[in-house]
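Please read them beside the structure.

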Amino acid sequence: MYYLGLDIGSSSIKVALVAVATGKSIDVVQEPETEMGMIALKNGWAEQDPERWWKHVCRAIARLQKVHQVKANEITGIGISYQMHGLVVVDSEGVVLRPSIIWCDSRAVSIGDEAFEAIGPEQCSTRLLNSPANFTASKLKWVKDNEPELYAKIHKFMLPGDYIAYKLSGTINTTISGLSEGMLWDFEKGSVAQLLLDHYGIDATLVPDIVPTFGKQSTVNATGASESGLSEGTAIFYRAGDQPNNALSLNVFQPGEVAATGGTSGVVYAVTDSLSSKESARVNNFAHVNYTQNGAPRIGKLLCINGAGIQYRWLLNNLSVGSYKEMNDLADTVPIGSDGVCMIPFGNGAERMLNNREVGSHVLHMNLNNHNKAHLCRAALEGIAFSFVYGMEIMKSDGITVNVMRVGNDNLFRSEIFAITVATLIGYEIELYNTTGAIGAARAAGLHQGDFDKFGEYVMNNDYITTFAPSETQQPYREAYALWKNELTTIINK
């Protein structure tokens, strides 16, 4: 028997098949095999057709079933992960009224900023735990203001994962975690965020029914079964946004546990039991997947670093090198601190953790007689690592405590230089795992039974690769970080 995990990304759809008995990943397939496109009618806009997500989901399921000869009745549960903060709106017949306004669309920034000032920073920080910013609620307000005739036809709004669950089941619902990522959950009241709905003039009847993150949320209906190839009655047991789900995939549930990813951009996601939010303008706060209203709160604090792996990829594309491995080997020939070469990696737009400053990418203290591409490779890895450490300092000032960091096996954390630099400066171990969001979502379908210990065993037994410990030689790392931080401060204060 198997669980199915769906990961609805903006670049592609990934579907995983996991054995129920062992938690072992059988396979993960991607649709389409090349990157999905976006609709950008204006600068700063980003939309996608939700029906395309559904078609790719169905194709991916069919591929898995065919390759592994899996019968529909052998899939006993479904888990769904999805791109956060998107907006899907449907009419009373369940027909999509417009393309989804997805996570990276920035048209609603000014709407969220106005709401933050009008409602008040203290109210937003204590009740929403965030600024309304450019999240789902603000996007819905944009539709209300700019497409009033279409808005009048809306029966329900959904997040991207809610829509895929609806296509499978014919049932529209959502979760507290999902509402919190759209700035639609009031943590103080323990209910839908009426203060923001009232400010935006949005009727609460547009909010879907709320179901638990873990549990039988709905079941595949006849239409969903016919289109997806799954059996009618198959249960949807789990749903979460991609960053909370990535943390779940790495067995990060409790205060003191931190998940991180180091791809094109970097993300640090820390779990806390505190509703305090001192850095709501720089750090996002969401109900984690195991958040409950009655028990101890579990809040996921998310810090995003736009300028991360994109810096290393730029070097790969513009230096005379053939692979990341070659770059890592070159970097290993240079001592800690890159012989004084310092790289500021923030060249991928405005950085929220730097108060939305667009700092850019900088190479400093380069000596053309003594330094070469090996120094650039080391300085890039160290500079990106330092940006993670800088972000962790912000999160610690926001009240998190840390015991362990768990990371995925992506490009940056495959580099021992990068991982040990981060581990040394933050002062705790980094555990490396080979897993994906789709695999985590599939395994999470089993968490409706509540066995979190068994889930952790599945992750450790199937995915664990290695642990990076802090270096015993700390002073060179601290000196290099101090230099980097001083240069960043100088740039910011210009």
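1. Angles under 35 degrees count as roughly parallel, over 145 as roughly antiparallel, 65 to 115 as roughly perpendicular and the rest as oblique. Helices (H or I, at least four residues) and strands (E, at least two) are DSSP runs, numbered from the N terminus. Axes are lines fitted to C-alpha atoms, for helices over the stretch in contact, and angles run from 0 to 180 degrees between N-to-C directions.

2. This is a predicted model, in which local features need pLDDT of at least 70 and side-chain atom pairs count only at pLDDT 80 or more, while totals for chains, interfaces and linings use all residues. Residues are numbered from 1 along each chain as its sequence is written, and side-chain values use heavy atoms, with hydrogens and water left out.

3. How do α14 and α17 lie to each other? The axes of α14 (residues 416–426) and α17 (residues 475–492) cross at roughly 90° and come within 10 Å. The two helices are therefore roughly perpendicular to each other. On the α14 side the contact (heavy atoms within 4.5 Å) is made by Ile-420, Thr-421, Thr-424 and Leu-425, and on the α17 side by Tyr-477, Arg-478 and Tyr-481. By class, four residues in this contact are nonpolar, two are polar and one is charged. For these classes, Ala, Val, Leu, Ile, Met, Phe, Trp, Tyr, Cys and Pro count as nonpolar, Asp, Glu, Lys and Arg as charged, and the others, Gly among them, as polar.

4. An open sheet of seven strands runs in the order β17-β18-β16-β15-β21-β22-β23, with mixed pairing. Two strands pair if DSSP finds at least two bridges between them. At the edges stand β17 (284–287) and β23 (464–468); each has a single partner strand, so one side of each is left without a neighbour in the sheet. On average, neighbouring strands of this sheet are turned by 25° against each other, direction ignored. Within the sheet order, β21 (residues 402–408) pairs with β22 (residues 430–433) in the parallel sense over four bridges. Met-405 stands opposite Ile-430 in β22.

5. Helix α10 (residues 242–249) lies across β15 (256–262), β16 (266–272) and β18 (299–305), at about 70° to β16. Helix α13 (residues 373–397) lies across β15, β16, β18 and β21, and runs at about 145° to β18.

6. How many disulfides does a search of the whole structure find? It finds zero, a disulfide being a pair of cysteine sulfur atoms within 2.5 Å. Cys-58 is buried (under 20% relative accessible area; exposed is over 50%, partly exposed in between; 1.4 Å probe, protein chains only), at 11%. Cys-124 is buried too, at 0%.

7. Some backbone details deserve a look. The peptide bond from Glu-31 to Pro-32 is cis, with omega near -15°, and Pro-32 lies in the loop between β3 (25–31) and β4 (47–48). Leu-129 is not a glycine, yet has a positive phi of about 65°. Leu-129 sits in the loop between α3 (121–128) and α4 (136–146) and is buried, with a relative accessible area of 1%. Asn-356, also not a glycine, has a positive phi of about 60°; its loop joins β19 (342–346) and β20 (360–364).

8. Val-88 belongs to strand β6 (residues 88–90) and is buried, with a relative accessible area of 0%. Leaving aside neighbours within four places in sequence, Val-88 has contacts that include Pro-50, Trp-53, Phe-157 and Tyr-163.
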